[in-house]
Amino acid sequence: MYSPETVSRIETLRAIAATRKLTMEENVEVVRLIRGDRVGASYASSGAKAKKAASAPVDGEALLAKLMEM
């Protein structure tokens, strides 16, 4: 998922965090490193999610009738 350089930097920052508090700049870098690849992955999978949501429309009348029976 992450490049070897990114993994190395995250491990370095994790080791630093174990010994002392991270600075604000280091915290920003951690979030940027972790979210960098995930944001790109969410764009790639958004098309698949939209297709699944559009394929099964909900019948509101049938749902309401089922709730009224209970």
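Colleague: Why does Glu 26 count as buried?
Modeller: Glu 26 has 12% relative accessibility. Buried means under 20%. The value lies under that cut-off, so Glu 26 counts as buried. Bear in mind that this is a predicted model.

Colleague: What makes Glu 26 and Arg 20 a salt bridge?
Modeller: Their closest N and O atoms are 3.0 Å apart. The cut-off is within 4 Å, so the pair qualifies.

Colleague: Is Arg 20 buried, partly exposed or exposed, and why?
Modeller: Arg 20 has 40% relative accessibility. Buried is under 20% and exposed is over 50%. The value falls in between, so Arg 20 counts as partly exposed.

Colleague: How many salt bridges does the whole structure hold?
Modeller: A search finds 2. One of them joins Arg 9 to Glu 29.

Colleague: How do you know that Arg 9 and Glu 29 form a salt bridge?
Modeller: Their closest N and O atoms are 2.8 Å apart. That is within 4 Å, so the pair counts. The pair links distant parts of the chain. Arg 9 sits in helix H1 and Glu 29 in helix H2, 20 residues apart.

Colleague: Why is Arg 9 called partly exposed?
Modeller: Its relative accessibility is 30%.

Colleague: How do you know that the length of H1 agrees with a helix of 16 residues?
Modeller: At 1.5 Å a residue, H1 should span 22 Å. Its end C-alpha atoms are 23 Å apart. The two values agree.

Colleague: Which residues of H1 are buried?
Modeller: Thr 6, Ile 10, Leu 13 and Ile 16.

Colleague: What makes you say that these buried residues line one face of H1?
Modeller: Look down the axis of H1. The buried residues fall within an arc of 120°, so they line one face of the helix. The face turned away from that buried side carries exposed residues: Pro 4, Arg 14, Ala 18 and Thr 19.

Colleague: Why is Ile 10 called buried?
Modeller: Ile 10 has a relative accessible area of 15%. That is under 20%, so the label holds. Ile 10 and Ile 34 are 24 residues apart along the chain, and their C-alpha atoms are separated by 8.1 Å.

Colleague: Where is Tyr 2 found?
Modeller: In the segment before H1. Tyr 2 and Leu 33 are 31 residues apart in sequence and 8.9 Å apart in space, C-alpha to C-alpha.

Colleague: Why does Tyr 2 count as partly exposed?
Modeller: Tyr 2 has 23% relative accessibility. Buried would need a value under 20%, and exposed one over 50%. Tyr 2 falls in between, so it counts as partly exposed.

Colleague: Why does Leu 67 count as exposed?
Modeller: Leu 67 has 52% relative accessibility. Exposed means over 50%, so Leu 67 passes. Leu 67 lies in helix H3, residues 60–69.

Colleague: Which residues make the nonpolar surface patch of about 490 Å²?
Modeller: Val 58, Leu 63, Leu 67 and Met 70.

Colleague: What is the secondary structure of the protein?
Modeller: There are 3 helices and 0 strands. From the N terminus on, the elements run α-α-α. Buried residues make up 10% of the 70 residues.

Colleague: Where is confidence lowest, and where highest?
Modeller: Confidence is lowest in helix H2, residues 24–55, at a mean of 72. Helix H1, residues 4–19, has the highest, at 92. The protein averages a pLDDT of 80, and 71% of the residues score at least 70.

How values were computed:
Residues numbered from 1 in each chain as written. Predicted model: local features only at pLDDT ≥ 70, side-chain atom pairs only at ≥ 80, totals over all residues. Heavy atoms only, no water. Patch = residues over 30% accessible without salt bridge, like charges linked within 9 Å, V, L, I, M, F, W, Y side chains within 5 Å. Areas by Shrake-Rupley, 256 points an atom, 1.4 Å probe, with all protein chains shown as cover. Salt bridge = Lys/Arg side-chain N within 4 Å of Asp/Glu carboxyl O. Helix = DSSP H or I, 4+ residues; strand = E, 2+ residues; numbered from the N terminus. Buried < 20%, exposed > 50% of the residue type's maximum accessible area, 1.4 Å probe, protein only. pLDDT = per-residue confidence, 0-100. Expected span 1.5 Å × (residues − 1). Arc of directions from axis to C-beta.
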